[in-house]
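Reader: Please walk me through this model, from its fold down to its hairpin and its cavities.

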Amino acid sequence: MGLGAAGPLNGSGAAAWGSCFGAFNGSAGLNETGPRAIASPWFSTAFGLIGLCSNLFALCVLRSSSRQLSSRARSSFLVFLCGLVVTDFMGLLVTASVIIPYHFTKFDWAAVDAGCHLCNFLGFSMVFFGQCPLLLGATMAGERFVGINRPFSRSSSVSRRRAWAIVGAVWAFCCLLGLLPVLGLGRYTLQFPGSWCFLTLLPDAGDAAFCLLFALLGVGSVLLSFACNTVSVVTLCRVCHGRDAAQRRRDSEVEMMVQLVGIMIIATICWMPLLIFIIQTVLQQLRAPARPAALPAETQQLLLIYIRMVTWNQILDPWVYILFRRAVLRRVYPSVRARPSIASLYPALNPALRRKLTQE
């Protein structure tokens, strides 16, 4: 998502309530030691470069793997993975292209972006590239749930074209979500320490509604992924450890589930603290007798820390695929060998349908 770090805001006197500078007060008594420790420009630059290189490497590996596949189910799964990696790469690239130059130029936001266009663009990017991986993870979990638990309903697997259409639909939905503040629901405002913009955690009705929508949608995506992946893993464990386990196991299905579980664990660890923090902060602000015009200093610092955690999601996602491929696992665990399809769970299938399910 974003790197969210820099020095204090210049021109804080231009911050007026109702503008994109309303939620952050550069003179709110934030100590200078904390920002320097967690907002070093060199740290943020290295952070961004590592993430970009990781995602580029994963894209190269995905492209190489997709050329060697004959399984349609595995091919569609790689399309979803590719969409996830592209989203993470573009999220780091777009946000870093605004945040990192600020580190070294310390431009005056109020002078450079008096109309809040740059802030709105950065806030849109943070929401779009933040929500996309969560929804894509839920989509991948749902697709694997159907593929493993309802194999008969997938006599023809999702084609690459349809998989890309689903990825495009997720992108379109997240784009619409990110445009809501521009259309009037909520606002994007500059955040501590003055280098990035995000949704506004203030008790205004529009701001609160947009924050809760964003957070609840993210929590729902994580919970859906958890539910689908749990059922799928239980099914695979039953297949692999039941009678005739050696004849029922299919490495590609296990590999996809290992990767999905890894993606889900990373998303849960990186995202849930921020999403819960947003919900708690908004509800506390709504219940408060006096509604502040700017976020408290402690809330601003906590928001930055949680955004830092979210950024790790974009860096670690590609390594889940890079490290948990069969080619790598076989070197670490040589006993892993190719096995027949999960379709062998159903010996009564006619030979033609069994061959079709096995190929997919």
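**Fold, hairpin and cavities**

From the N terminus on, the elements of the protein chain run α-α-α-α-α-α-β-β-α-α-α-α-α-α; helices (H or I, at least four residues) and strands (E, at least two) are DSSP runs, numbered from the N terminus. This is a predicted model, in which local features need pLDDT of at least 70, side-chain atom pairs count only at pLDDT 80 or more, and totals for chains, interfaces and linings use all residues. Residues are numbered from 1 along each chain as its sequence is written, and side-chain values use heavy atoms, with hydrogens and water left out.

Reader: How many residues of α5 are buried?

Author: Helix α5 covers residues 117–149 and reaches 47 Å from its first C-alpha to its last, close to the 48 Å expected at 1.5 Å a residue (1.5 Å times one less than its number of residues). Buried means under 20% relative accessible area, exposed over 50%, partly exposed in between (1.4 Å probe, protein chains only). The helix is mostly covered, and of its 33 residues the number buried is 25.

Reader: Which residue in β2 is the bridge partner of Q191?

Author: Strands β1 and β2 (residues 196–199) run antiparallel and are joined by four bridges; two strands pair if DSSP finds at least two bridges between them. They form a hairpin with four residues between them, and G194 in the turn has a positive phi of about 105 degrees. The partner of Q191 in β2 is W196.

Reader: Is T189 buried or exposed?

Author: T189 is found in strand β1 (residues 188–191). Its side chain makes a polar contact of 2.9 Å with that of T200 (a pair of N or O atoms within 3.5 Å; within protein, one must be able to donate a hydrogen and the other to accept it, and residues adjacent in sequence count only if both atoms are side-chain atoms). Because its relative accessibility is 0%, T189 counts as buried.

Reader: Which elements give two or more residues to the lining of the second largest cavity?

Author: A cavity is a set of points, on a 1 Å grid over the protein atoms alone, where a 1.4 Å probe fits but cannot get out, and lining residues have an atom within 4 Å of a point. The second largest cavity has a volume of about 110 Å³ (the space filled by probe spheres set on the points, which are joined across faces, edges and corners). Of the 17 residues that line the second largest cavity, the closest to its centre are P133, G137, I263, M264 and A267. The elements that give two or more residues to this lining are α5, α7 (205–241), α9 (251–287) and α10 (297–323).

How values were computed
1 Å grid on protein atoms, 1.4 Å probe; cavity = no way out; pocket = protein on both sides within 12 Å on 5 of 7 lines; lining within 4 Å.
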